[in-house]
Amino acid sequence: MRRIRTTTLATALLLPLAACGTATPKQQTDITVLAAASLTDVFKEAGEAYEKAHPSTHVNFSFAGSQELAAQVRQGAPADALVTADTKTMDDLRQKTNAPTTIAKNRLTIVTAPGNPKKIQNLAGLADPALCLLYTLRDSHREAGLAGTQRPGRAEQGRDGRGGRGHRLRHRRRQGQGGHGARPGRPECDRRLPGRDAQERQARHGISGLRQVAELSGSPGDSEISGLPEAVRTRTPLPLGIPATLAVAFLLLPLTGVLTRTPWGTLPARLTSHEVVEALVLSTKVSTCALALSLALGVPLAWLLARKDFPGKTLIRCLVMLPMVLPPTVAGVALLQGYGRNGVLGTYLESWFGLTLPFSTTAAVLASTFVAMPFLVISLEGSLTSLHPRYEETATSLGASPLHTFRTVTLPMIAPGLLAGAALCWARALGEFGATITFAGNLPGTTQTLPLQVYLLLQDDPEGATAVSLLLLAIAALVLLSLKGRWPQTRTAGRGRGGMGPGRGLGAPPSGSWGSDLRLKGGAPSPQTGAVNHAAPEGPVPHRTRPTPHPLRTTVTGAVEATLTAPAGTTIAVVGPNGAGKTTLLRALLGITNRATATALALGDNDLSHTPPHHRRIAWVPQDGALFPHLTALANTAYGLRAQGVPKAEAHATAQHWLNSLALGDLAHRKPEHLSGGQAQRVALARALAARPALLLLDEPLAALDQSTRAHVRHTLRTHLADFPGVCLIVTHDPVEAVSLADHILVLEDGRTTQYATPTELTRHPRSPWTARMLGHNAWPAKATPDGTLVLESGTSLTAATPTAEATTGLALIRPEAVALHTRQPPPGSPRNVWQGTIRELTPQGSRVRVLVTGASRHPDVVAEITPAAAADLKLTEGTPAWVSVKATEIDFVPT
């Protein structure tokens, strides 16, 4: 048999598939699939086979070219799935629509008759009508199949799950011939499909759209039936497989020899002898003491190597790894020269304190620590490097000291790596031989550990040496087996694992009320009447005095240059292009970056420019929220208060109050991995507000949310910021957020302040092209002349209706909806500004189409907004020539 391998892509772009409920034989489920025409016969037979296996399901195929099918999807074709092997078209489609990600990327194995008489080389060969093929659809996989189909009557009810990363799609079931609506009387449900980590799950679970189960026809006897397993596996290349097999055999053979040569009949007696038991107890004692010493010295060293940059860091890391590559006897000699009686330090230890280290149990502990501690340090350094510093920085902003942060945040989050490193360190110390015998000697009951016992037995009793070797082998194997899933690496602390990110059910309204507000009544915030979270636990509202206002005055220098002065209660939106220094500005105010410094930082009457970060009372909500994954929502919210020394009961009462006010009271005992993106973002906000900060910094708090959830969280954020007694800085790329949330907007470009104004002033008089384009305008730097001519930097001139009193520089602004497009040069008339260009891009945006036109010669590029009907009438396509016209009255000039 010959196998020809090729890759197919099955992308479900989807639209509703099936509703909840249990189907009955009388109900008809229709599935509409847009399929590439190159596999028409294959998919028709696949649909027929599937219908025979599921009489209540009808599969409708629509065949066409991949690009034509993609165009139908863009226009809203009522299909459940699109299946094609054209990856370029699919990638382009996902970028230009709100379609979910790929749900199945398969490797299809084509099984041919001996010698491949039909000369099948690729998928197109399978469409040959001369071939007799039979395919059936997999219908039992819970994640995905062709067109995302599932067994009728077994739609899965949506529920919160780990990770919170999956795209959630609405399913529906059509009843008989009754159109596209959901079956009345049955609630709709959500079904989770793979998200950004879909490919990893496919590799583990073998997601597959098709399964080949039948034969390729030929003469009798020259073909056979072949079925693929659910996990479609690729064949291992022989140049890799053979050496890998030899490596396994090379490692396995000595261990097999120990097992086969072990005296099983006398094994219990040999292992319970006095000498072996004494050596085992001593080995356990020495290795445990070595582990304790390694933890005490190695954990701080690993943190230093992972978190700090200092001269000689590379040399110190090399020094740490050196014992791992040194011959054990060389390590023993080095220990003698350092800690022996005549060693560098040993001489002073003996003369000052009367301590002699060599040939003692202490020497055995030091020898084991010397060779074993690097395993702990290297493992832990890798875990710390993988742990994003934002968690520790967030804890610092909430008032936690560096040591408190390390104990309550860093250690719990690197616990798997710490456990793995400690186990490997203990196992290595248990098996140490060369350094121990050189530095500590071989004294029974004092330094004679199990490896040294094996060495002695090997001379007089080889079978006894084999028995003790088996004991050491068993201990090492148990240690390694205990590390299953905890190897020296750190799980990714990102979205869905304690971080933020699109969660499950983002589009669903959260529990409780979104309209809850805080008003100061009787010295304590209380929910506004008329909006009550009935699901929140009841309890007394903690007493709080009226907060003190904290106006802001600061000057930041370095990579970012900015000066801000704002009264208490002001919200400032910080906007700018990527790399402008927005996040650096926030980090400078926190005091956690060397790229910029707040040379002057006054909050109220307090100058905090030289205050440590954890004493500044500046709360920070990073881009993904950085909720601590090992803590519940309640413990996360109370973290800042506990770090500031507030008793646990009071801190939890205040935290519960803030969760209640943000409609999260019933989620207080959930961990971040069980929260949706909107819920986690509100928990991060509650945590920051509960810490009673004087300044609140929000770094793109809504960036990870979908549109519906973003609107809800924006409303909640606006409500609570109205009562915040300090100043709030919000970094955002969304002009809607900037205008709706902020009292002032700070525009940063290249680390410098371009404009600082109210939203109204910024909208009317933008001072940079980037600001104007952010607000939706076409903008070009220009020089205005008294006769109304605007000369652009390229040399092109535009005519404005309103002349300036004198020559000045500024920005020429044109609204996209004021730009008219023509397929031919318009006749002279009212539009006084006409130039030629080429259509470069058409982008649907709501009920309008944005058209980017590249100007010919020195004429500027311009964006126009037209209706879909106008675009259809003009037959606009990318690459076609077009003419642009703008009336003089539609051009505004803003002096800068």
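Analyst: Let's begin with R815, which counts as partly exposed at 32% relative accessibility. Buried means under 20% relative accessible area, exposed over 50%, and partly exposed is in between (1.4 Å probe, protein chains only). This is a predicted model, where local features need pLDDT of at least 70 and side-chain atom pairs count only at pLDDT 80 or more, while totals for chains, interfaces and linings use all residues. Residues are numbered from 1 along each chain as its sequence is written, and side-chain values use heavy atoms, leaving out hydrogens and water.

User: Which side chain does R815 meet in a salt bridge?
Analyst: That's E890, at 2.6 Å from N to O. E890 sits in the loop between β30 (881–886) and β31 (891–895) and R815 in the loop between β25 (808–814) and β26 (820–822), so the pair ties together parts 75 residues apart in sequence. A salt bridge here is a side-chain nitrogen of Lys or Arg within 4 Å of a carboxyl oxygen of Asp or Glu. Strands (E, at least two residues) and helices (H or I, at least four) are DSSP runs, numbered from the N terminus.

User: How many salt bridges does the structure hold?
Analyst: Eleven. In one of them, E381 joins R317, with the closest N and O atoms 2.5 Å apart. E381 is in helix α12 (residues 361–386) and R317 in helix α9 (residues 313–325), 64 residues apart.

User: Is E381 buried or exposed?
Analyst: E381 counts as buried, at 9% relative accessibility, whereas R317 is partly exposed at 25%.

User: New topic: how many aromatic pairs are there?
Analyst: Four. Y348 and W352 make a tilted one, 5.1 Å centre to centre with 55° between the planes. Rings of Phe, Tyr and Trp (its six-membered ring) pair if their centres lie within 6.5 Å; planes under 30 degrees apart are stacked, over 60 edge-to-face and the rest tilted.

User: Where do Y348 and W352 lie?
Analyst: Both are in helix α11 (residues 346–353), four residues apart, about one turn of the helix. Y348 is partly exposed at 43%, and W352 is exposed at 62%. Together with F353, Y348 and W352 form one aromatic cluster.

User: And which helices do the buried residues of α18 pack against?
Analyst: They pack against α6 (238–261), α7 (267–271), α8 (274–307), α15 (415–430) and α17 (450–460), where contact means heavy atoms within 4.5 Å. Among those buried residues of α18 are L470, L471 and L472.
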